[in-house]
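This briefing is intended to be read alongside the sequence and the coordinates. The points are grouped by topic.

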Amino acid sequence: KKLKSLASKLVSISKGRAQVKVFVDTAPIMEKHLAERAGIGWQGKHTNLLSAKFGNWIFLGFIFTSLEFPIDEPDENHCGSCRSCLDICPTNAFISPYRLDARRCISYLTIEHKGPVDLDLRALLGNRVYGCDDCLAVCPWNKFSKKASEIRYSNHSRENKDLGEFVGLDDKGFRSEFAGSAVKRIGRDRFIRNVLYAIGNSGNSSYKDAVEKLTQDQDHAVVDAAYWALSKLGKNID
């Protein structure tokens with residue numbers, strides 16, 4: 001909404017001559033590469049955009065326009081010899097600095113990947129049910145970051161919720177719980193699959209009854225995850 005507001009002002013300033021198009025993760029645009037060329041930051045060894053002013057905690061959005069602007073100088077790479085982001089990855093997803101195997105990345109596995117996650121990776125997911133920020137959080141450049149002033153980015157209402165409060169959600173309940181949240185886009189089935197992996201990794205047997213019910217779910221990945229979780233909680237079902 002903020003980019004659209006700015007784009008409207010560009011049209012107004014140009015007296016209607018400017019053509020504008022807003023993108024926020026809605027098209028196959030090389031966001032990080034363009035942002036790097038625009039001087040916003042550089043792509044760190046974790047492949048994400050990194051800023052000396054804001055650290056890792058930035059969102060990228062774009063306005064494409066026919067207006068001409070002065071061209072900024074690209075930023076320089078300031079990672080040096082640091083490899084904290086590479087070493088902390090739970091699944092060893094980095095092939096080498098600046099090269100990521102997305103098939104092992106927890107953000108990809110919990111958000112983009114459809115169907116069951118490979119057996120050898122499930123335990124490495126830990127309690128992560130939507131994405132992973134480990135390689136971002138450990139970056140030393142975050143010491144320059146500041147808390148977001150945008151209230152929508154400061155919603156901590158789900159931080160203290162128990163996994164048991166999520167595992168029983170049906171589609172309607174999921175949509176209600178995550179209305180207005182990016183989590184909603186992965187859908188109920190993929191989210192519940194992730195919650196079941198987290199429950200299996202928790203070792204908490206109090207979840208057994210709730211998990212057992214999901215062995216009769218309509219989604220095959222949820223059913224598979226439920227049986228896997230039960231096996232980790234010490235209960236097998238024929």
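In this predicted model, the cover over the buried residues of helix α11 includes α5 (119-122), α9 and α10 (208-213). The buried residues of α11 are Ala221, Val222, Val223, Ala225, Ala226, Trp228, Ala229 and Leu230. An α-helix has 3.6 residues a turn, so residues three or four places apart point the same way.

**Helix geometry**

- Helix α11 comprises 13 residues, 220-232. The distance from its first C-alpha to its last is 19 Å, close to the 18 Å expected at 1.5 Å a residue.
- Helix α1 covers residues 2-13, and its 12 residues should span 16 Å at 1.5 Å a residue. The end C-alpha atoms of α1 are 17 Å apart, which agrees with that expectation.

**Aromatic pairs**

- The chain contains 10 aromatic pairs, counted for rings whose centres lie within 6.5 Å.
- One of these is formed by Phe166 and Phe178, with 5.8 Å from centre to centre and 35 degrees between the planes. The pair is classed as tilted, because that class takes the angles left between stacked (under 30 degrees) and edge-to-face (over 60).
- Phe166 belongs to helix α7 (residues 164-167), whereas Phe178 sits in the loop between α8 (171-177) and α9 (187-202). The pair therefore ties together parts that are 12 residues apart in sequence.
- Phe166 has a relative accessibility of 8% and so counts as buried, the limit being under 20%.
- Phe178 likewise counts as buried, because its relative accessibility is 3%.
- Phe166 and Phe178 also belong to a cluster linked by ring pairs, together with Phe174 and Phe191.

**Overall architecture**

- The chain has 11 helices and 6 strands.
- Its C-alpha atoms fill a box of roughly 70 × 45 × 30 Å along the principal axes.
- Of the contacts between residues at least 6 apart in sequence, 62% join residues at least 24 apart.

- Buried residues make up 34% of the 238 residues in the chain.

Terms used: Residues numbered from 1 in each chain as written. Predicted model: local features only at pLDDT ≥ 70, side-chain atom pairs only at ≥ 80, totals over all residues. Heavy atoms only, no water. Helix = DSSP H or I, 4+ residues; strand = E, 2+ residues; numbered from the N terminus. Buried < 20%, exposed > 50% of the residue type's maximum accessible area, 1.4 Å probe, protein only. Contact = heavy atoms within 4.5 Å. Phe/Tyr/Trp six-rings, centres within 6.5 Å; stacked < 30°, edge-to-face > 60°. Expected span 1.5 Å × (residues − 1).
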